[in-house]
Amino acid sequence: MSAPLKVLLGLLLGALIGLSLSSWNQPLALQVAEWAKPVGRLWLNALQMTVVPLVTALVIMGVNNASNAAASGRAARNAIIVFAVLLVAAASFSAVATPALLGLIPNDAQTLEAFRTALGGHHTAAVAATPTQWIATVIPSNALAAAASSAMLPLVVFALFFGFALSRQDAERRERLLGLISIIADTMITIIRWVLWAAPLGVFSLVLVVCAEVGISVLGVFGWYILVMCAVYILVTLLLYVVAALAARENLRRFARALLPVQLIAGSTQSSLASLPSMIDSARNRLGYPAALTSLMLPMAVSLFRVTSPAQYIAVASFIAWLYGVELGFSQYAVAVLLAAAISMGSTGLPGQANFLTNNLPVTQSLGLPVEPLGVLLAMDTIPDVFCTVGNVTGHMTATAVIARHEAGNDSPPAGPA
C-alpha cells in the first residue's frame, strides 16, 4: 500500500471512529480525544524539529544549483529569471485569490470555534508592521537567533546570501562545503521519512480528535478546503495560458492541444518527472520548439520549478488564518510570498508528503499561525494534488514557450505542426 493511501486510510478511520463516538456517547468521545491529542502533537513536533536545518540547507543548495544552471548559457540564465518571476507571480495571485474564495464560504462560527479548540494552537502574529518596519526585519542581525525563534524569512534571506557567496568561492572548496550541506539535508530527509512512516497514526489521532469534538459538521470544513485548493490550482493553470499567449505569443488553441496529452499523464501519475517524455515530445513535435532548447529547458524546469508550490503555501496559510479568524495584512502576505517563492526553488527533490509539511510549516510559522491543522490538511491533499501536478507541467511548458519566444527574437512563434 502506498504512503498516501495509508495516510488516507488513517484519515478515514479517524473520522469514522471520531464521528461514531461523537454521535453515540459524547463524554466518552471527549475522553478518547484527550488520550489521542498527545499522539498527534508528538508527531507534529517531530516534523517541526527538522524544518530550520532542512530549509536552510535546501535554500543554499537551490541557489548553487540555479547558479550552476545559469552558468551553462544565456538560455539557462533567462530560464532562472522566468522561473523566479512566475513563482512570485503565482504566490502573489494566491495571496489575492484565496482570501477572496474563502470570503465566499458561509461562516459557521460555532463549528470553526470547535475545530480550533479540538486542534489547539493559537495565533501569535504581532500587529502588521509598517513597510519600513518590515524592510528593517528582512535581514537578520543574528542568524542563529532567527533560527531559534523560527523567523523563517530572515533565516531564508541569510541562506540566500550564504548560497550566493558560496557560489563565488573556489570550486573545490565550494564542493566540499556543499557536500556537507547536502549531508545535512539528506539526514533531515531521512528523519522526515521516519516521521512520515508514522503519518497514518499521527493523522488518525488528529482527525479522531477533531471529529470526536466537533462532530459531523467538521466534514464541511474538510470539503471547503479541498474545493478552495482545487480552485486555486485551476486558476493558476488558466493564468499560465494567458502568460503563454501574452509573453510567448502562442496560439492558445495550438498550445492547449499540445498540452492535453501532457496534462493527462500528469493527472494520472501525479508526477512531473513521469510527464517529462511527453513534454519533450509535445514541445518538439507539436509546438516546433528547437530540440536543443527543449532538452535543456524541460529537465531544468522539472528539477527547479514547480509553479503551484508557492501558490499552495499561501493558500494553505490563508485557509488556516480563515479557520482561526485571523486577518492577514499586506506586509504579512509580502513576507509569505517571498518566503514561498524562495523555498519552492530548493524543495523540488522532496517526496510529496514531506514537501507538503516541511514547506508549508515555515510559511505558516512566518505568519504566526498555528501549525496543528497541517497534519489534518496533509491527509486531504490527495485530490487537490492531481490539479497541482497538472499546473506544474503547464508551468514547465509555459516557461519553455516564453524562452523559445525570447530566443527566436522575432514576431512569430516557431512554426510547428497544427
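Helices are DSSP runs of type H or I with at least four residues, numbered from the N terminus. The model shown is predicted.

**Exercise 1.** Locate Arg-249, and determine whether this residue is buried, partly exposed or exposed.

*Solution.* Step 1: Arg-249 is found in the loop between α11 (218-247) and α12 (252-269). Step 4: the phi of Arg-249 is near 55°, a positive value in a residue other than glycine. Most residues other than glycine have a negative phi.

**Exercise 2.** Describe how helix α5 packs against helix α10.

*Solution.* Step 1: helix α5 (residues 109-119) and helix α10 (residues 199-214) pack at an angle of about 140°, and their axes are 9 Å apart. Step 2: α5 is therefore oblique to α10; an angle counts as roughly antiparallel over 145 degrees. Step 3: the crossing of α5 past α10 is right-handed. Step 4: among the residues that make the contact are Ala-114 and Phe-115 of α5 and Leu-206 and Val-209 of α10. Step 5: sorted by class, the contact of α5 with α10 has eight nonpolar, two polar and one charged residues.

**Exercise 3.** Classify the aromatic pair of Phe-83 and Phe-305, and state which parts of the chain it ties together.

*Solution.* Step 1: the structure holds five aromatic pairs. Step 2: the ring centres of Phe-83 and Phe-305 are 4.6 Å apart, with 5° between the planes, and the pair is stacked. Step 3: Phe-83 belongs to helix α4 (residues 74-102) and Phe-305 to the loop between α14 (291-304) and α15 (308-323), so the pair ties together parts 222 residues apart in sequence. Step 4: Phe-83 is buried, at a relative accessible area of 0%, and Phe-305 also counts as buried at 0%.

**Exercise 4.** Classify the pair of Tyr-225 and Phe-319.

*Solution.* Step 1: the ring centres of Tyr-225 and Phe-319 are 5.1 Å apart and the planes stand at 70°, so the pair is edge-to-face. Step 2: Tyr-225 is in helix α11 and Phe-319 in helix α15, 94 residues apart. Step 3: Tyr-225, Phe-319 and Trp-322 form one aromatic cluster.

**Exercise 5.** Describe the surroundings of Leu-339.

*Solution.* Step 1: Leu-339 lies in helix α16 (residues 330-346). Step 2: Leu-339 counts as buried because its relative accessibility is 0%. Step 3: leaving aside neighbours within four places in sequence, Leu-339 is in contact with residues including Met-152, Val-156 and Pro-362. Step 4: the C-alpha atoms of Leu-339 and Met-152 are separated by 7.6 Å, although these residues are 187 residues apart along the chain.

Conventions: Residues numbered from 1 in each chain as written. Predicted model: local features only at pLDDT ≥ 70, side-chain atom pairs only at ≥ 80, totals over all residues. Heavy atoms only, no water. Axes fitted to C-alpha atoms, helices over the stretch in contact; angles between N-to-C directions. Helix = DSSP H or I, 4+ residues; strand = E, 2+ residues; numbered from the N terminus. Parallel < 35°, antiparallel > 145°, perpendicular 65-115°, else oblique. Left-handed = near helix turned anticlockwise from the far one by under 90°. Contact = heavy atoms within 4.5 Å. Nonpolar A, V, L, I, M, F, W, Y, C, P; charged D, E, K, R; others polar. Buried < 20%, exposed > 50% of the residue type's maximum accessible area, 1.4 Å probe, protein only. Phe/Tyr/Trp six-rings, centres within 6.5 Å; stacked < 30°, edge-to-face > 60°.
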